[in-house]
Amino acid sequence: MSIVNSASAQLSKLPSVDRVLGFPSVRSLVEEHGRAQVTEAVRALLADLRKRPGEGDLGEAALSARVAETVAARARPNLRRVFNLTGTVLHTNLGRALLPEEAVEAAVTAMRWPATLEYDVEGGGRGDRDKVVEGLLCGLTGAEAATVVNNNAAAVFLLLNTLAQKKEVVVSRGELIEIGGAFRLPDIMRRAGAKLVEVGTTNRTHPQDYADAVGSRTAMLMKAHWSNYAIAGFTSMVAQKEVAAIAHAGKLPCVVDLGSGTLVDLSQYGLPRERTPAESIADGVDLVTFSGDKLLGGPQAGILVGRRELIQRIKRNPLKRALRVGKITLAALEAVLRLYLDPDRLAQRLTTLRLLTRPEKDIAEQTQRLLPAMARALQGRATVTVQPMKSQIGSGALPVDLLPSCGFAVHTAGRGGLARIEAAFRALPIPVIGYIRDGAFLLDLRCLEDEKVFVDQLPALGITR
Ligand SMILES: *Cc1c(COP(=O)(O)O)cnc(C)c1O
């Protein structure tokens with residue numbers, strides 16, 4: 001095999017795939033990534049170069065480098081770690097709740113070893129996977145029974161499909177919510193086979209509205225949490241206790257979709273109050289649904305708690321089998337629920353709560369500490385200042401409550417500069433996600449716990465001009 005050194009010869013003819021696979025540095029890529037991956041990358045690269053003859057005169061070194069780049073890009077996982085500096089703690093697009101170490105360990109064990117998922121280790125017989133968390137959920141909410149499905153949307157769907165198919169569900173017009181990600185209560189209801197009966201008006205619903213709507217075809221009275229919006233001003237909604245009483249007078253169940261559903265009174269941690277499933281159960285609500293990965297701080301899951309007879313009917317629905325959760329979820333959920341048994345240490349151990357309760361002073365000190373490293377990384381390209389900010393809880397929880405925070409504001413002189421800065425932070429090995437507002441690129445440091453890794457990669461910031 002003779003190596004053609006003349007650039008003009010290479011221009012006219014790119015090397016063959018086999019030839020490129022024979023380059024020493026490409027051979028070492030094969031050892032690392034396997035022949036199939038590298039061959040595929042070489043083919044794609046050569047095909048691409050053939051389409052752009054101007055670039056065709058690459059020598060061995062340049063070609064090898066391009067192959068390495070292509071292989072690395074293809075080998076990069078699609079689901080990657082990022083820094084969430086958006087100021088939204090429970091960011092749906094960035095995976096919502098971060099799991100505490102206890103949950104990570106439990107999930108890893110469940111992944112790595114056989115586990116008592118549906119096995120009663122005392123009796124040696126078959127068990128029920130809901131038993132992994134049912135006792136804990138009942139203890140924490142005061143409910144008689146509990147079951148878990150894939151997410152809260154699935155919980156609401158399953159509950160409606162089980163208890164209200166071909167029947168009517170009475171909901172206040174003020175609670176016909178749409179939350180992000182295409183969850184609209186009326187749509188879910190239709191798909192579940194239930195007929196929606198709207199009562200009241202957008203801003204006001206009264207007890208008599210519910211009572212008047214109850215008829216022979218009514219399956220239940222339902223309330224849904226407002227989640228991601230707020231109604232203010234001349235408003236009136238009927239408390240769940242009262243709706244439950246009206247439902248029970250008609251021998252009907254009252255169900256509540258709580259959405260976020262924290263298991264503790266958040267005001268004890270200095271956060272705004274949010275209704276808990278325990279309060280709903282105490283108010284006489286028969287079934288409550290909530291998410292596992294919002295304020296609860298666990299894995300993605302939909303939790304149903306309430307009266308045993310209703311939970312049993314839900315579990316007998318064949319769709320429960322289609323919507324059930326796996327062992328990894330249950331392991332993580334159990335570990336998170338166990339943290340709630342010790343409320344004194346919860347704010348330290350439960351990641352979501354720790355981030356939500358981080359003192360502003362702490363975040364401000366951290367911002368000052370990292371300012372020199374940021375300034376160095378942006379030198380000559382942008383200016384960076386420390387700025388007070390407002391973080392959000394996110395995921396529809398407590399939509400109007402903002403948490404005082406702190407972070408960096410990056411300013412650039414030229415037009416379009418901010419977009420390039422934003423893109424450069426996203427292009428870091430561990431992408432840093434911030435947001436552009438009021439003529440600045442903002443990084444809210446509330447959720448920055450892995451400070452060293454953040455700083456260490458800053459020199460890699462490549463901003464194109
Ligand atoms: C978030 C939310 C849902 C959907 O929960 P997922 O766990 O995301 O499926 C349903 N209802 C309300 C009120 C919510 O806030």
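Predicted model: local features only at pLDDT ≥ 70, side-chain atom pairs only at ≥ 80, totals over all residues.
Contact, in this talk, means heavy atoms within 4.5 Å. Helices (H or I, at least four residues) and strands (E, at least two) are DSSP runs, numbered from the N terminus.

Residues are numbered from 1 along each chain as its sequence is written, and side-chain values use heavy atoms, with hydrogens and water left out.

I begin with the whole protein. It has 20 helices and 17 strands. Its C-alpha trace spans about 90 × 55 × 40 Å along the principal axes. Among the contacts with a separation of 6 or more, 73% join residues 24 or more positions apart.

The protein is divided into domain 1 (3-75), domain 2 (83-92 + 357-460) and domain 3 (101-349); such bounds come from an automatic or database domain assignment. Taken over C-alpha atoms, the centres of domain 1 and domain 3 are 55 Å apart.

Let us now look at one pair of helices. How do helix 3 and helix 4 pack? Helix 3 (residues 24-33) and helix 4 (residues 35-51) meet at an angle of about 135°, and their axes are 7 Å apart. Here the axes are lines fitted to C-alpha atoms, for helices over the stretch in contact, and angles run from 0 to 180 degrees between N-to-C directions. Angles under 35 degrees count as roughly parallel, over 145 as roughly antiparallel, 65 to 115 as roughly perpendicular and the rest as oblique. Helix 3 and helix 4 are therefore oblique to each other.

Which residues make this contact? From helix 3 come V26, L29, V30 and H33, and they meet R35, Q37 and V38 of helix 4. By class, the contact has four nonpolar, two polar and one charged residues. In that count, Ala, Val, Leu, Ile, Met, Phe, Trp, Tyr, Cys and Pro are nonpolar, Asp, Glu, Lys and Arg are charged, and the others, Gly among them, are polar.

Helix 4 also holds T39. Is T39 buried or exposed? Its relative accessibility is 11%, so T39 counts as buried. Leaving aside neighbours within four places in sequence, T39 is in contact with V17 and L21. The C-alpha atoms of T39 and D18, 21 residues apart along the chain, are separated by 8.5 Å.

My next topic is the interior. A nonpolar core is a set of buried Ala, Val, Leu, Ile, Met, Phe, Trp, Tyr and Cys residues joined through side-chain atoms within 4.5 Å. The largest such core has 60 residues, of which L296, V305, L337 and Y340 touch the most other members. Helix 15 (residues 327-339) gives the largest share, seven residues. Domain 2 and domain 3 both contribute residues, so this core lies between them. The contacts of L296, apart from neighbours within four places in sequence, include F290, I303, L333, L337 and Y340. A second, separate core of 32 residues includes V156, L185, A194 and L287.

Helix 7 (residues 131-141) has several buried residues, among them V133, L136, L137 and L140. What covers the buried residues of helix 7? The cover includes strand 4 (145-149), helix 12 (277-282), strand 12 (302-306) and helix 15. After helix 7 comes G142, with a positive phi near 80°.

I close with some loop residues. The loop between strand 1 (83-84) and helix 6 (101-112) contains H91, and R96 is found in that loop as well. H91 counts as buried because its relative accessibility is 18%; R96, at 19%, counts as buried too. H91 is in contact with N84, T86 and R96, if neighbours within four places in sequence are left aside. Although R96 is not a glycine, its phi is positive, about 50°.

D438, also not a glycine, has a positive phi of about 50°. Its place is in the loop between strand 16 (435-437) and strand 17 (440-444). With 75% relative accessibility, D438 counts as exposed. Thank you for your attention.

How values were computed. Buried < 20%, exposed > 50% of the residue type's maximum accessible area, 1.4 Å probe, protein only.
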